[in-house]
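Please keep the structure open while reading.

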Amino acid sequence: KRALRNNYHKNAEWFGTFHNQELKGDVGYEKGVIRRDPTMVIQVDGLYYAWYTKSTGKTYGFGTGDPEKKVFPWDKSEIWYATSEDGWEWKEKGLAVTFGPKGEYDDRSVFTPEIFVHKGTYYLVYQCIKAPYLNRSFITIGMSIADKPEGPWERLEAPILEAAKDGKWLGEEDS
C-alpha cells in the first residue's frame, strides 16, 4: 500500500510492478499481532514460501524507564513463515528463527528477514538487536541456514555484519 501511495509503481524498471489485493488464509489482520517485512516469495517444489517479522503486544516507545517494554512494532519479534499453493491464500506454518541466547547479539529481537537460495541451501538474513534496546543501539545483521525451506534453521554464532563503533552520535539527547 505504501508503494502505491508513493507512486513507486510508476517506476517499474527499479521497483517492479505492484498490485494491491487482500490476502486469504490465516496471515491477514489479527488483533494484537504484527506481521510485517515479508521476504521475497520463493517457490520450491510447487509450493510458495515467505518469511516475515512477527510480534505481539503493545508498543510503548523509548523513555518508559522499563527496559523490558517493547519500543517499536518490530521489537521483541521473531521470524515466522507461511506457505501457499497459489500465492494468494497463505497458511502460517510457524516459527523459523527466534532470539539468540541471553547476552548474544540477537537476544532481544530478530526482524526484517530476506531469503536467499544457493545450490540447495537456504539463507535467512535479518536485523538483530541485543538487549537493552536503547534509542542509540547498534543493529547487527544475523544469518540462519537450512537445507530445506521449512528448516530447521541453524543460527550463526556471530553476526555477518556489524556497525563500526568509531562514529559519533549527533547531539547529546537520546532521541
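Lysine 119 sits in the loop between E7 and E8. The model is a predicted one. Phi of lysine 119 is near 50°, a positive value, and the residue is not a glycine. Is lysine 119 buried or exposed? Lysine 119 is exposed, because its relative accessible area of 76% is over the 50% cut-off.

Aspartate 37 also has a positive phi, about 55°, without being a glycine. Its place is the loop between strand E2 (33-36) and E3. Aspartate 37 is partly exposed, with a relative accessible area of 21%. Such values stand out because most residues other than glycine have a negative phi.

Proline 132 belongs to the loop between E8 and strand E9 (140-146).

A cis bond also runs from glycine 151 to proline 152, with omega near 5°. Proline 152 falls in the loop between E9 and strand E10 (154-155). For context, most peptide bonds are trans.

## The nonpolar core

How many residues does the largest nonpolar core have? The count is 17. The residues with the most contacts inside this core are Trp51, Ile79, Ala96, Val97, Leu124 and Trp153. Several strands supply two or more residues each: E3 (42-44), E4 (47-56), E5 (78-84), E6, E7 (109-118) and E8 (121-129). Strand E8 gives the most to this core, with four residues.

## Salt bridges around glutamate 92

The salt bridges number eight. One of them pairs arginine 35 with glutamate 92, at 2.9 Å from N to O. Arginine 35 lies in strand E2 and glutamate 92 in strand E6, so this pair ties together parts that are 57 residues apart in sequence. Why does glutamate 92 count as buried? Its relative accessibility is 16%, and buried means under 20%.

Glutamate 92 has a salt bridge with lysine 54 too, with the closest N and O atoms 3.0 Å apart. This pair links distant parts of the chain, with glutamate 92 in strand E6 and lysine 54 in strand E4, 38 residues apart. Both glutamate 92 and lysine 54 are buried. A network of salt bridges links Glu30, Arg35, Lys54 and Glu92.

## A buried pair between loops

Arginine 108 and aspartate 75 form a salt bridge through their side chains, at 2.6 Å from N to O. Where do the two residues lie? Arginine 108 is in the loop between E6 and E7, and aspartate 75 is in the loop between E4 and E5. The pair therefore ties together parts that are 33 residues apart in sequence. Both arginine 108 and aspartate 75 are buried.

## Surface charge

Which residues gather in a patch of negative charge on the surface? They are Asp26, Glu85, Asp86 and Glu89. Glutamate 89 is in strand E6 (residues 89-97). Glutamate 89 is partly exposed, with a relative accessible area of 46%. That value qualifies glutamate 89 on accessibility, because patches are made of residues with over 30% relative accessible area. Strand E6 thus carries both glutamate 89 and the buried glutamate 92.

Key: Residues numbered from 1 in each chain as written. Predicted model: local features only at pLDDT ≥ 70, side-chain atom pairs only at ≥ 80, totals over all residues. Heavy atoms only, no water. Patch = residues over 30% accessible without salt bridge, like charges linked within 9 Å, V, L, I, M, F, W, Y side chains within 5 Å. Areas by Shrake-Rupley, 256 points an atom, 1.4 Å probe, with all protein chains shown as cover. Salt bridge = Lys/Arg side-chain N within 4 Å of Asp/Glu carboxyl O. Lys, Arg positive; Asp, Glu negative; His and termini not counted. Charge placed at Lys NZ, Arg CZ, Asp CG, Glu CD. Buried < 20%, exposed > 50% of the residue type's maximum accessible area, 1.4 Å probe, protein only. Core = buried A, V, L, I, M, F, W, Y, C linked by side-chain atoms within 4.5 Å.
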